[in-house]
Amino acid sequence: MIIPIPITKQEILKIYKPVNPVTHKGIQGHVVIIAGSYGKIGAAVLSSKAALKSGCGLVTTFVPKCGYEILQMAIAEVMVVTDANSNFITDIQLPVIPQSIGIGPGLGQEQATQKAVFKFLENNILPLVIDADALNILAQNPSWLGLLPPNSILTPHPKELERLIGKWQSETEKFENTIAFSEKYNVIMVMKGAPTHIVFKNTIYQNTTGNAALATAGSGDVLTGIITSLLAQGYEPLHAAQLGVFLHGLTADIALPETGYQSFTASDIIANLGKAFLSLEK
Ligand SMILES: NC(=O)C1=CN([C@@H]2O[C@H](COP(=O)(O)OP(=O)(O)OC[C@H]3O[C@@H](n4cnc5c(N)ncnc54)[C@H](OP(=O)(O)O)[C@@H]3O)[C@@H](O)[C@H]2O)[C@@H](O)CC1
Ligand SMILES: Nc1ncnc2c1ncn2[C@@H]1O[C@H](COP(=O)(O)OP(=O)(O)O)[C@@H](O)[C@H]1O
Ligand SMILES: [Mg+2]
């Protein structure tokens with residue numbers, strides 16, 4: 001069994017880049033979030049807001065038509081582009097060229113959405129974060145994994161991981177199979193859990209922040225937004241994944257004395273991102 005390397009504050013401070021005083025929104029990075037379906041537009045809202053609150057300059061969110069007003073009303077700062085279809089995504093046409101794309105939260109797995117994901121992957125060369133239903137769609141169509149740009153970041157929870165790599169008999173086997181998967185497809189695996197591990201080539205990193213307050217709807221959707229935002233700001237993919245999971249967990253550690261485990265929600269992750277970033281400035 002390979003011993004994981006802890007993702008500590010000391011390591012994170014080596015990665016963290018303070019914001020340049022003369023930057024502007026045009027160079028802070030443009031994120032595209034492709035997410036949502038009828039009843040799960042909240043996932044697109046959470047990812048998009050988390051991206052904005054993690055330092056990128058612009059966010060454009062691509063949703064089915066039913067998400068248009070919800071997003072425009074929920075987040076004034078986000079630009080919204082819609083699919084031709086009402087309740088789920090069928091054809092991903094982006095009017096902008098962003099620095100990174102997060103795809104999957106709340107997407108659903110309709111046949112037309114699967115085809116749209118295939119067409120998107122066939123043409124895409126931009127850095128990607130792949131989560132939730134985009135992972136489930138890849139698990140159903142493993143030959144499409146070859147279309148991912150090198151060092152794409154995949155963020156499965158344990159069930160999504162199992163759909164991708166198959167069942168495991170032991171923790172050792174889980175890590176061995178995840179390393180083999182990461183090497184085969186040249187991707188970074190963020191194995192979400194308690195704690196979260198990151199697998200990059202044959203190295204395993206273990207996050208040191210976070211607590212059970214994160215066991216709440218939408219907390220993974222928020223992580224997708226955070227990591228996609230860091231990627232857009234020029235962090236290399238492994239660093240975006242490491243800093244992303246560290247900050248995400250830190251918000252729960254910061255909020256816990258006020259919210260307790262029970263009343264912490266995914267929105268509290270977003271609300272505490274500022275304090276998490278500030279703790280890196282000290
Ligand atoms: N507001 C919105 O719009 C929201 C929208 N959302 C969107 O919904 C879609 C479906 O996503 P999903 O993750 O809920 O469903 P799914 O992939 O079947 O996994 C569930 C099963 O996985 C397991 N499992 C999960 N975590 C585990 C762990 N830590 N440790 C161990 N097991 C774990 C567990 O399996 P069990 O243990 O029950 O066998 C559980 O039953 C997706 O698009 C997502 O983005 C959500 O984000 C919510 C907010
Ligand atoms: N007990 C726990 N301790 C630490 N982190 C947790 C715990 N439970 C869940 N998390 C974190 O919360 C997030 C859950 O992601 P996910 O299952 O995709 O949620 P959702 O799909 O509802 O957004 C992951 O980042 C995971 O590591
Ligand atoms: Mg999820």
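This is a predicted model: local features need pLDDT of at least 70, side-chain atom pairs count only at pLDDT 80 or more; totals for chains, interfaces and linings use all residues.

Now centre the view on Val 190 and, leaving aside its neighbours within four places in sequence, display the residues in contact with Val 190, which are Ile 153, Leu 154, Thr 155, Thr 196, Ile 198, Ala 241 and Val 245.

**Ligand 1**

Move on to ligand 1, which is surrounded by 17 residues, and pick out the closest of them, namely Lys 40, Gly 42, Ala 43, Ala 132 and Lys 159. Two or more residues of this shell come from each of helix 2 (41-52), helix 5 (132-140), helix 6 (158-165) and helix 8, and helix 6 provides the largest share, with 3 residues. If you colour the shell around ligand 1 by class, you will find 6 nonpolar, 6 polar and 5 charged residues.

**Ligand 2**

Finally, select ligand 2, where the shell consists of 17 residues and the closest are His 157, Ala 194, Leu 214, Ala 215 and Gly 220. Which helix gives the most to the shell around ligand 2? Highlight residues 219-232 to see helix 8, which contributes 4 residues there, and recall that helix 8 is also listed among the elements giving two or more residues to the shell around ligand 1. Coloured by class, the shell around ligand 2 shows 7 nonpolar, 8 polar and 2 charged residues.

Technical notes
Residues are numbered from 1 along each chain as its sequence is written. Chains are lettered from A and ligands numbered from 1 in the order in which they are written. A residue is near a molecule or strand if its C-beta atom, placed from the backbone, lies within 6 Å of it. Ala, Val, Leu, Ile, Met, Phe, Trp, Tyr, Cys and Pro count as nonpolar, Asp, Glu, Lys and Arg as charged, and the others, Gly among them, as polar. Two residues are in contact if their C-beta atoms, placed from the backbone, lie within 7 Å.
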